Amino acid sequence: MTTLTVTAPRVPARLGRFVLDRFRPRIYVTYGLLWVLALEGSAVSAAATAWRPSAATGIRVVSVVLALLFLRMLDEQKDLAHDRVHHPDRPLVTGAVTAAELRGAMAVTAAVVTGLNAALSTAAVLLVLAALGYALLLVPLERRCPALRDRPLLGLAVTYPVQLLLGGYVYGSLVAAGTVTAGPGGALLLVLCAGVFLHFEFARKTAWEAAPGAGLYSAALGPRRAAAVTVGFAAGAVVCEILLFAPRGPLALLPCAPAVLAVHGARRFLAAGRGGWPMLPATVFVAGTHLALTALAVLR
């Protein structure tokens, strides 16, 4: 009884330190917020309807951020064996948090997300739980198929659909609410968001040198080809932006402007011939594109 009294209050503190260390709310919360605002705002304004954030928007933002936290806690457990060798300072390795504590927090997170989306629609609940469920299925899949870890490109192909499912949740919940009508524009928006995210994903795992166990895409493709793919994702996002927004006039192409940062990052990376991709241009590209899309929706 004494042990429970002493240790129970420490669990939230341990989880809180884990969140600050591994989830980094300043980054993930900002990304989740901008992602939902840009996707929802673009979907609504593309339907020639005025858009303003609502209570439902807030539920979608909180749900996506909590889903990202859920994924971070799950990844920490999936990567435990790898981290014991390559990242011995991680919280789960050092015992700063336990797997049982993370699983408990994941259950609470899933319950909160379910409750929030029940206020929107049954479809919203099913869509967000589909993303979380797919992530859980990856755990036994990765155990049975070590190539998913050893081959980063294959691993990305299998794991990235979680992000697509979260994007589908945001768009699908809008359709279910009758806010927008499903159509080709929705698919283009999801591809646009995928291009923006994958530019950043490839940028952070592209370098001239690869440390053992780093899982860099450039180790599989070579630095120059990985750089080309990184810029290609940004270019794909720009193509989607043009197809979606060009009919509105030149001002509507404002979201294309941040793509200059992707080109700038590539030039710096290739000119240096060493080190990793300059992450500031990649980060600002992600934020700038989402902010421009949101501004475009508000100003419509």
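Biologist: Where does Lys-205 lie?

Modeller: In this predicted model, Lys-205 sits in the loop between H12 and helix H13 (217–221).

Biologist: What is Lys-205 in contact with, leaving aside its neighbours within four places in sequence?

Modeller: With those neighbours set aside, Lys-205 is in contact with Gly-215, Leu-216, Tyr-217 and Ser-218.

Biologist: And how far apart in space are Lys-205 and Pro-152, C-alpha to C-alpha?

Modeller: The C-alpha atoms of Lys-205 and Pro-152 are 9.7 Å apart, and the two residues are 53 residues apart in sequence.

Biologist: Turning to the largest pocket, what is its volume?

Modeller: The volume of the largest pocket is about 1,900 Å³. Its lining comprises 49 residues, and those closest to the centre are Tyr-28, Arg-72, Glu-201, Arg-204 and Lys-205.

Biologist: How many residues of that lining are nonpolar, polar and charged?

Modeller: The lining of the largest pocket has 23 nonpolar, 11 polar and 15 charged residues.

Biologist: Now the helices. At what angle do H12 and H16 pack?

Modeller: Helix H12 (residues 184–204) and helix H16 (residues 279–299) pack at about 165°, and their axes are 9 Å apart. Angles over 145 degrees count as roughly antiparallel, so H12 and H16 are roughly antiparallel to each other. H12 passes H16 in a left-handed crossing.

Biologist: Which residues make that contact?

Modeller: H12 contributes Leu-192, Val-196, His-199, Phe-200, Ala-203 and Arg-204. From H16 come Met-279, Ala-282, Thr-283, Phe-285, Val-286, Thr-289, His-290 and Leu-293. By class, the contact of H12 with H16 has 9 nonpolar, 4 polar and 1 charged.

Biologist: H12 and H11: is the crossing left-handed or right-handed?

Modeller: H11 and H12 cross in a right-handed manner. The angle between them is about 140°, with the axes 10 Å apart, and that makes H11 oblique to H12.

Biologist: Which residues meet there?

Modeller: Gln-163, Leu-164, Gly-167, Gly-168 and Tyr-171 of H11 meet Gly-186, Leu-190, Ala-194 and Phe-197 of H12. The contact of H11 with H12 divides into 5 nonpolar and 4 polar residues, with no charged residue.

Biologist: Cavities next. How many of 30 Å³ or more does the structure hold?

Modeller: The structure holds 1 cavity of 30 Å³ or more.

Biologist: Which residues line the largest cavity?

Modeller: Its lining is made up of Tyr-31, Trp-35, Tyr-160, Gln-163, Leu-164, Gly-167, Leu-190, Cys-193, Ala-194 and Phe-197. By class these are 8 nonpolar and 2 polar, with no charged residue.

Biologist: Which helix gives the most to that lining?

Modeller: H12 gives the most to the lining of the largest cavity, with 4 residues. Helix H3 (25–46), helix H11 (161–176) and H12 each supply at least two.

Biologist: Since H3 has come up, at what angle does H3 pack with H4?

Modeller: H3 and helix H4 (residues 55–78) pack at about 135°, with their axes 9 Å apart. The two helices are therefore oblique to each other, and the crossing of H3 and H4 is right-handed.

Biologist: Which residues of H3 and H4 meet?

Modeller: In H3 they are Tyr-28, Val-29, Tyr-31, Gly-32, Leu-33, Trp-35, Val-36, Leu-37 and Glu-40. They meet Thr-57, Arg-60, Val-61, Val-64, Val-65, Leu-68 and Arg-72 in H4. This contact of H3 with H4 has 11 nonpolar, 2 polar and 3 charged residues.

Technical notes:
Residues are numbered from 1 along each chain as its sequence is written. This is a predicted model: local features need pLDDT of at least 70, side-chain atom pairs count only at pLDDT 80 or more; totals for chains, interfaces and linings use all residues. Side-chain values use heavy atoms; hydrogens and water are left out. On a 1 Å grid over the protein atoms alone, a cavity is a set of points where a 1.4 Å probe fits but cannot get out, and a pocket is an open set with protein on both sides within 12 Å along at least five of seven lines; lining residues have an atom within 4 Å of a point. Grid points are joined across faces, edges and corners, and a volume is the space filled by probe spheres set on the points. Ala, Val, Leu, Ile, Met, Phe, Trp, Tyr, Cys and Pro count as nonpolar, Asp, Glu, Lys and Arg as charged, and the others, Gly among them, as polar. Axes are lines fitted to C-alpha atoms, for helices over the stretch in contact, and angles run from 0 to 180 degrees between N-to-C directions. Angles under 35 degrees count as roughly parallel, over 145 as roughly antiparallel, 65 to 115 as roughly perpendicular and the rest as oblique. A crossing is left-handed if the near helix is turned anticlockwise from the far one by less than a right angle, and right-handed if clockwise. Contact means heavy atoms within 4.5 Å.
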